[in-house]
Amino acid sequence: ALHPWAQPWRWCAPHPDDDFRITNIVCSPAFVIGDVNGDGLVNATDLGILLNAWGSLGGPSDLDQNGVVNAADLAILVNAWS
């Protein structure tokens, strides 16, 4: 599933008058729900980060994006455990 902010790219043929060139494309790993630290896995590291952020307002550990890190976020992380 795409992260809420991710948008699919649409490629168009360049206009002859454009001086625009793509020289490098970098693909990031697929978004994994529950992956708080962005390493592509949901594991003890993510759990530690989430527990450290418990009760805080928002941030990467707020997996359900309700504005606070709580039991709902913990449930999302545990269900996605790899």
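This is a predicted model: local features need pLDDT of at least 70, side-chain atom pairs count only at pLDDT 80 or more; totals for chains, interfaces and linings use all residues.
Buried, in what follows, means under 20% relative accessible area.

Overview to begin. The protein has 82 residues, and 20% of them count as buried. Its secondary structure comes to two helices and zero strands. The accessible surface is about 6,400 Å². Carbon and sulfur atoms hold 60% of that area. Now contacts with a separation of 6 or more: 34% of them join residues 24 or more positions apart.

Next, the helix pair. Helix α1 covers residues 44-52, and helix α2 covers residues 71-79. Their axes come within 11 Å. The crossing angle is roughly 180 degrees. Anything over 145 counts as roughly antiparallel, so that is how α1 and α2 run relative to each other.

Which residues make the contact? From α1, we have D46, L47 and L50. From α2, D73, L74 and L77 meet them. By class, that contact has four nonpolar residues, two charged and no polar.

Now the aspartate, D35. It sits in the segment before α1. Is D35 buried or exposed? Its relative accessible area is 11%, so D35 is buried. What does the D35 side chain reach? Two backbone nitrogens: that of G38 at 3.1 Å, and that of G40 at 2.6 Å.

Set aside the neighbours of D35 within four places in sequence, and its contacts are G40, L41, V42 and D46. Look at D46 again. D46 is in contact with D35, and D46 is also one of the α1 residues that meet α2.

Notes:
Residues are numbered from 1 along each chain as its sequence is written. Side-chain values use heavy atoms; hydrogens and water are left out. Axes are lines fitted to C-alpha atoms, for helices over the stretch in contact, and angles run from 0 to 180 degrees between N-to-C directions. Helices (H or I, at least four residues) and strands (E, at least two) are DSSP runs, numbered from the N terminus. Angles under 35 degrees count as roughly parallel, over 145 as roughly antiparallel, 65 to 115 as roughly perpendicular and the rest as oblique. Contact means heavy atoms within 4.5 Å. Ala, Val, Leu, Ile, Met, Phe, Trp, Tyr, Cys and Pro count as nonpolar, Asp, Glu, Lys and Arg as charged, and the others, Gly among them, as polar. Buried means under 20% relative accessible area, exposed over 50%, partly exposed in between (1.4 Å probe, protein chains only). A polar contact is a pair of N or O atoms within 3.5 Å; within protein, one must be able to donate a hydrogen and the other to accept it, and residues adjacent in sequence count only if both atoms are side-chain atoms. Accessible areas come from the Shrake-Rupley method with a 1.4 Å probe; for residues, only the protein chains shown count as cover.
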